[in-house]
Structure formats: structure tokens, C-alpha cells
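Reader: Please walk me through this model feature by feature. For each one, give me the general idea before the case.

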Amino acid sequence: MSVELDVFVGNTTIMDEEVYQFWLDGYTVNDAVKVRMEGGVLEECEASAEVLRSDTMDQYRTFQMCERLLHSPAKLANQLLFQIPPHRQAMLIERYYTFDGVFVREVLGKKLSKGTKKDLDDVSAKTGVTLKSCRRQFDNFKRVFKVVEELKGPLVENIRQHFLLSDKLARDYAAIVFFANNRFETGKKKLHYLTFQDFAFCAGQLISNWTVGALDNMVEDMDVDLEKEFLQDLKELKILITDKDLLDQHKSLVCTALRGKTKAFNEMEANFKNLSRGLVNIAAKLTNTKDVRDFFIDLVEKFIEPCRSDKWTAGDMRLYLTHYTNSAHILDTFKCTLCRGQ
């Protein structure tokens with residue numbers, strides 16, 4: 001009985017970036033072949049459908065064999081099984097750890113546990129990302145979290161060194177780790193307008209200013225946990241709203257600085273006390289775990305929505321907060337307390 005075999009022999013491992021992306025996106029071999037054929041690859045390469053299918057299957061097998069190395073990217077450079085040039089290795093790693101914004105937005109802030117993974121069927125249906133791709137991305141988040149959670153040193157740098165990612169992607173993973181650790185609520189309807197990159201920017205600011213690592217760059221979990229002493233100090237801000245004289249003085253300083261600089265000045269002046277109470281009360285409650293989790297929803301409800309209803313622009317917001325902070329620094333009571341919270 002005769003048996004037909006397809007044999008590929010070579011030195012440098014051939015990897016088609018388009019096929020790699022199909023594999024990452026969870027396409028089946030048949031789906032990948034169909035898309036390749038629709039793209040005109042048969043005419044371009046003067047190949048038959050059978051050869052195209054064999055090529056696609058062979059590359060899928062190669063990617064599957066490489067996957068265990070991609071779980072620990074440093075191993076990819078030291079292995080001898082696959083002859084892959086350095087620039088190709090970098091491409092494989094970067095794309096393997098790249099994620100879909102719509103997917104990460106659904107799981108951001110949730111515990112990276114088996115329970116969350118069981119819900120990926122629903123996430124896949126909602127986002128249009130294949131279940132296979134959802135699982136790969138979720139497992140990547142969990143893997144990075146487990147590796148870096150106990151390491152000393154800057155979070156972004158640890159991720160970049162251990163997983164050989166670009167600076168941008170490492171920072172995005174740092175945001176995912178930070179949100180998963182602190183379990184920030186991001187799924188409420190009022191937060192749906194915020195993208196992952198919006199939250200990633202916030203994570204960068206919080207990591208730089210509110211974590212233990214903002215003071216000591218060689219402590220454990222330095223960029224993951226919020227500094228408890230700092231959060232405790234924020235309670236001292238309550239005097240800004242409980243002391244009537246201080247509240248009036250703060251308002252006077254801010255309004256004097258804002259006068260003539262924005263069309264929303266009248267609204268800012270009229271609502272100053274309510275807005276100040278909203279901000280200070282949020283800050284003063286951050287010693288409680290639940291209030292930390294509700295940090296973003298509280299900001300939206302107690303500060304952003306009132307400003308939005310008064311038709312403030314983004315520029316108005318920046319202007320107001322800049323003078324709100326600067327004016328508080330002028331008050332003798334807070335010259336030291338606010339030096340890190342700004």
C-alpha cells in the first residue's frame with residue numbers, strides 16, 4: 001500500500017507573518033486557507049490549492065511547537081530546534097503577546113482566575129474575538145502577572161526583561177497587572193465610554209505617584225500595591241471641606257486664578273464646593289478596599305459627570321485641576337501633605 005507524504009526540508013524556519021496572524025486569531029486551517037486563496041496567493045505563487053493547504057498546515061504545526069517557547073520568550077533565543085533570525089523572534093514574541101483592545105476591556109480589573117476564564121465564551125461572543133484567541137490572551141495576562149507579582153524593581157522593566165516586549169506593550173501589561181491586583185471596577189455602564197488606553201494612562205500615573213515604588217525602587221510589589229501610608233495621609237485633606245474658612249480661602253484662590261481664562265468660569269465658581277467635596281471624599285476613603293475598587297466609578301459620578309453637565313471642555317478640566325492643586329499648595333496646612341498626591 002502506497003502512502004503519500006508531504007516533506008519540507010530547510011535550514012532557516014520559514015514563517016509567513018500573515019499565516020501566523022491567522023493562527024494567533026484562532027482561525028482553523030481551512031479558514032486560513034480560504035482567506036489566503038481569496039487574497040490571490042495561488043496566482044501569486046503559482047501553486048495549487050493542495051500545496052497551499054499543506055503549507056498552511058505545516059506552518060500551523062511549527063507555531064504550535066514554538067508556543068511553549070513563547071511562554072518563556074528568553075528560551076526562544078537559546079533553543080536549537082528552530083533556526084529563527086533575531087528580528088523574526090522579536091516579531092513572534094511581540095505578536096504573541098499583543099492583545100485585542102475590545103477583549104482586554106472586558107476583563108480589565110477582574111481576577112485572573114479559573115472563574116473568569118470560564119466566562120470567556122461570553123466574552124468571545126460579545127467582542128467577536130475567537131474563543132481560542134481569548135484564551136491565549138487571558139493566559140498571557142495570567143502568566144505575566146504570576147511572573148512579576150513577587151519581583152523587586154520597576155514593574156514595566158521587569159515585564160520588558162522577562163518577556164522581551166517593546167516598551168509600549170510592556171507598559172500596557174503593567175496596567176493590566178496593576179488593575180488585576182487592585183481589582184478596580186471598570187465594567188459599570190457609566191465607565192463603558194472609557195477605552196483600555198484611557199485606563200492604561202491612569203495606571204501609569206497611579207504607578208508613578210501612588211505606589212510604594214514611588215518612594216523606594218527596590219521593595220517587593222513596588223509598582224503593584226498602592227502605598228498604604230500615602231492613602232492614610234489623604235484623610236488629612238478632609239479639612240479642606242470641613243473647615244469653612246479654609247474652604248472659602250481655597251475657593252477664593254482658585255477662582256481668582258481662573259477668572260477670565262475660561263467660558264465655564266461661572267459654573268466653576270458656583271459648583272466649587274460640591275466638586276471639592278466630591279474629590280476630597282473620594283481621596284479620604286481610599287484606605288478601604290471597596291472604595292479603592294470603586295475609584296473610577298466614584299470619579300465619574302462625583303466629578304466628571306457634574307463637569308460634563310456644565311459643558312466643560314477637556315481644557316477646562318485641566319485648567320481647573322491645575323489651579324485647584326496649585327492653590328491648595330499655597331495653603332500652609334497642605335504644603336507637605338500634597339507634595340506626592342498631585
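Author: Let's start with accessibility: under 20% relative accessible area is buried, over 50% is exposed, and partly exposed is in between (1.4 Å probe, protein chains only). This is a predicted model, so to speak of local features we need pLDDT of at least 70, side-chain atom pairs count only at pLDDT 80 or more, and totals for chains, interfaces and linings use all residues. Residues are numbered from 1 along each chain as its sequence is written, and side-chain values use heavy atoms, with hydrogens and water left out.

Reader: Is Glu269 buried, exposed or partly exposed?

Author: Glu269 counts as partly exposed, because its relative accessibility is 28%. You'll find Glu269 in helix H17, residues 265-284; helices (H or I, at least four residues) and strands (E, at least two) are DSSP runs, numbered from the N terminus.

Reader: What does Glu269 touch?

Author: Contact means heavy atoms within 4.5 Å. Not counting residues up to four places away in sequence, Glu269 touches Lys251, Cys255 and Arg259. There's also a C-alpha to C-alpha distance to look at: Glu269 and Thr256 are 9.8 Å apart in space and 13 residues apart in sequence.

Reader: Let's zoom out. How many helices and strands are there in the protein?

Author: The count is 20 helices and 0 strands. Along the principal axes, its C-alpha atoms fill a box of roughly 100 × 40 × 35 Å.

Reader: What share of the residues count as buried?

Author: That's 43% of the 342 residues. As for the contacts with a separation of 6 or more, 67% come from residues 24 or more positions apart. The protein exposes about 18,600 Å², and carbon and sulfur atoms supply 52% of that; the areas come from the Shrake-Rupley method with a 1.4 Å probe, and for residues only the protein chains shown count as cover.

Reader: Next, helix faces. Which residues of H2 are buried?

Author: An α-helix has 3.6 residues a turn, so residues three or four places apart point the same way. In helix H2 (residues 29-38), the buried ones are Val29, Ala32, Val33 and Arg36. They sit on the same side of H2 because they cover an arc of only 100 degrees around the axis, the arc being that of the directions from the helix axis to the C-beta atoms. Lys34 and Glu38 are exposed residues on the face turned away from that buried side.

Reader: What do the buried residues of H2 pack against?

Author: They pack against helix H1 (17-24), helix H3 (41-45) and helix H4 (49-70). H2 is then followed by Gly40, with a positive phi near 85 degrees.

Reader: On to rings. How many aromatic pairs does a search of the whole structure find?

Author: Rings of Phe, Tyr and Trp (its six-membered ring) pair if their centres lie within 6.5 Å; planes under 30 degrees apart are stacked, over 60 edge-to-face and the rest tilted. The search finds 29 pairs. One of them is Phe99 with Phe141, edge-to-face at 5.5 Å centre to centre and 80 degrees between the planes. Phe99 lies in the loop between helix H6 (86-97) and helix H7 (101-107) and Phe141 in helix H10 (residues 131-148), so this pair ties together parts 42 residues apart in sequence. Phe99 and Phe141 are both buried, and both belong to a cluster linked by ring pairs, with Tyr20, Trp23 and Phe63 also among its members.

Reader: Which charged end sits over the ring of Tyr96?

Author: A charge sits over a ring if NZ of Lys or CZ of Arg is within 6 Å of the ring centre and within 35 degrees of the ring normal. For Tyr96 the charged end is that of Arg136, 5.7 Å from the ring centre. Arg308 does likewise over the ring of Tyr193, at 4.7 Å from its centre.

Reader: Last one: what is His250 in contact with?

Author: His250, found in helix H16 (residues 244-258), is buried with a relative accessible area of 0%. Leaving aside neighbours within four places in sequence, its contacts include Leu240, Phe272 and Tyr324. The C-alpha atoms of His250 and Thr325 are separated by 9.8 Å, although the two residues are 75 apart along the chain.
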